[in-house]
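Look at the structure below and follow the chain from one end to the other. The paragraphs after it begin with a single residue and then widen the view.

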Amino acid sequence: MLALLQAAGWPIWLLLIASIVATALIIERLLYLRRRKILPRKLLDEVVQVYRSGNITPDIIDKLEKNSPLGVVLSAALRNIDSPREVMKESIEEAGSGVAHMLERFLTTLGTIATLAPLMGLFGTVVGMIEIFGSQNASGANPAQLAHGISVALYNTGFGLAIAMPALVFYRHFRALVDSFIIEMEQQAVKFVDIVHCKRK
């Protein structure tokens, strides 16, 4: 592996750093963006039961807020339980925008790496080509220098694409996952608002 990195020249180190960052972000998002962690299955039913029992205390609201991202949204509704429907919906929307920002954390960085990696590979290719042309002299090309320049060009191009493809796949997957979570959270929050204001049984 070290011999490969040495053969690819110094531009490969930029791609290596990008690959490490991308791998760390993918693992972190895979662990964080789990449905049971974001949208616990029975949480809405439990919140409805608490509301109907009339046993809403600050401790219960704080506990709900720490439960999950869905809990953050529903706790905002519970804090405004005696407010008009529009006020309750506004508080849910405010909480929801904060939750959406939290769910989308690091996705911009991952998307940037997916876009930038091929360009970094192309940069390495250009560096390799410069070395190739730099090896030309009056007596002809230096074969060793020519081979090194070609290896720098090809290794960097290949490594850049190898980083970009999985990074782009995971970026798109996480974006779709976050969007589906946000839509489902909105649906559950609206359902709770309708129950509170007697528009749904």
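This is a predicted model: local features need pLDDT of at least 70, side-chain atom pairs count only at pLDDT 80 or more; totals for chains, interfaces and linings use all residues.

Leu39 lies in the loop between helix H3 (35–38) and helix H4 (43–53). Is Leu39 buried or exposed? Its relative accessible area is 4%, and buried means under 20%, so Leu39 counts as buried.

Which residues touch Leu39, once its neighbours within four places in sequence are set aside? Leu39 has contacts with Leu70, Phe181, Glu184 and Met185. Take Leu70 from that list. Leu39 and Leu70 are 31 residues apart along the chain, yet their C-alpha atoms are separated by 5.6 Å.

Contacts across the whole protein can be counted by separation in sequence. Of those between residues at least 6 apart in sequence, 76% join residues at least 24 apart. The protein has 201 residues, and 39% of them are buried.

Now consider the elements along the chain. The protein has nine helices and two strands. Read from the N terminus, their order is α-α-α-α-α-α-α-α-β-β-α.

The last topic is the surface. The protein exposes about 11,700 Å², with 63% of this supplied by carbon and sulfur atoms. Leu116, Leu119, Leu122, Val126 and Ile130 make a nonpolar surface patch of about 460 Å². One of these residues, Leu116, sits in helix H8 (residues 107–134). Leu116 has a relative accessibility of 39% and therefore counts as partly exposed, whereas Leu39 is buried.

Notes:
Residues are numbered from 1 along each chain as its sequence is written. Side-chain values use heavy atoms; hydrogens and water are left out. Helices (H or I, at least four residues) and strands (E, at least two) are DSSP runs, numbered from the N terminus. Buried means under 20% relative accessible area, exposed over 50%, partly exposed in between (1.4 Å probe, protein chains only). Contact means heavy atoms within 4.5 Å. Accessible areas come from the Shrake-Rupley method with a 1.4 Å probe; for residues, only the protein chains shown count as cover. Patches are made of residues with over 30% relative accessible area and no salt bridge: like charges are joined within 9 Å, nonpolar side chains (Val, Leu, Ile, Met, Phe, Trp, Tyr) within 5 Å. A salt bridge is a side-chain nitrogen of Lys or Arg within 4 Å of a carboxyl oxygen of Asp or Glu.
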